[in-house]
Amino acid sequence: MTENKAIEYIINVEHLNKQFIIDKQPMDILKDINLQIKKGEFITIVGHSGCGKSTLLKIICGLVDYKDGIVERNGHAVAGPGPKCGMVFQDHRLMPWLKIKDNVGFGLKSLSKPERQETVKRYLDLVGLSGFENSYPSQLSGGMSQRAAIARGLANKPTILLLDEPFGALDALTRIQMQKEILRIQKEEKTTMIMVTHDIEEAIYLGNRIVVMSARPGEIKEIIDVDPVEGKKRNGKRFNEYKQKIYNYFFENEKEREVS
Ligand SMILES: Nc1ncnc2c1ncn2[C@@H]1O[C@H](COP(=O)(O)OP(=O)(O)OP(=O)(O)O)[C@@H](O)[C@H]1O
Ligand SMILES: [Mg+2]
């Protein structure tokens, strides 16, 4: 990538192909992925189960290798994880032997003890887990563990945060609350975020752009720009048009399907 492009795009993916060996056979997982993301953008990704969404996030994060294509963060080829790029995984991956406060504060070793405590408290409050600082992950519900994992991801203040279905285990009310919070944080901290979600409305509500992927091998079918005002009115005309458009990709034989 040229220097100008590196300034323009915090994440650059060009012609990325990925195969995994499944049952001794190479299988195409991602096909010719091209995605350029500017600093501070919120990108959402939707696609069928198994189309490679988590794999794409892990490649950007540096947790899964790639051979074919270009993947850059801040203008540098991704060669492994970095402190400025965080990931909230589909399964919460909390460390079972650590209390919640120590899980959330795990990446904050460079801070002084009071600063660390303050940061942990702030993010536990934010996700509604104050009072559970001294609990262990096994003592929390699935939704609470997921919220602790979100707090851990945010507490590190990464410049890029990759979120893999972070709200999947939350009840509907908490989910809407968390959506608002994540947008607020994203704007406040100017974090670049990529979120995979199975919830089409969530993808529209949160994303500046929505990446729609095909079934495996995952290809980008379309990147939809979401109108920042009209597109965000849940159940408004524009919002429903996006919804219908995305449904049509997933239910190609049901083009006339009404989305209520
Ligand atoms: N480490 C691995 N080794 C081999 N195959 C893998 C590996 N990780 C993922 N796969 C395969 O790659 C494909 C894509 O997996 P991935 O987890 O990226 O899908 P996904 O789009 O995130 O699905 P879901 O929506 O169900 O989470 C699947 O067929 C999966 O079995
Ligand atoms: Mg996944």
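Reader: What does buried mean here, and what share of the 260 residues in the protein chain is buried?
Author: Buried means under 20% relative accessible area, exposed over 50%, and partly exposed in between, with a 1.4 Å probe and protein chains only. This is a predicted model: local features need pLDDT of at least 70, side-chain atom pairs count only at pLDDT 80 or more, and totals for chains, interfaces and linings use all residues. Side-chain values use heavy atoms, without hydrogens or water. The buried share of the protein chain is 47%.

Reader: Why does the radius of gyration agree with a compact globule?
Author: The radius is taken over C-alpha atoms, and the globule rule is 2.2 Å times the number of residues to the power 0.38. For 260 residues the rule gives a value near 18 Å, so the chain agrees with it at 19 Å.

Reader: Which residues have the most contacts inside the largest nonpolar core?
Author: A nonpolar core is a set of buried Ala, Val, Leu, Ile, Met, Phe, Trp, Tyr and Cys residues joined through side-chain atoms within 4.5 Å. The largest has 43 residues. Those with the most contacts inside it are Ile182, Ile210 and Ile246.

Reader: Which helix gives the most to this core?
Author: Helices are DSSP runs of H or I with at least four residues, numbered from the N terminus. The top contributor spans residues 142–155 and gives 7 residues. That is helix α5.

Reader: What does Ile182 contact, leaving aside neighbours within four places in sequence?
Author: Contact means heavy atoms within 4.5 Å. The partners of Ile182 are Phe42, Ile150, Leu154, Leu163, Phe167, Met193 and Leu206.

Technical notes:
Residues numbered from 1 in each chain as written. Chains lettered and ligands numbered in written order. Helix = DSSP H or I, 4+ residues; strand = E, 2+ residues; numbered from the N terminus.
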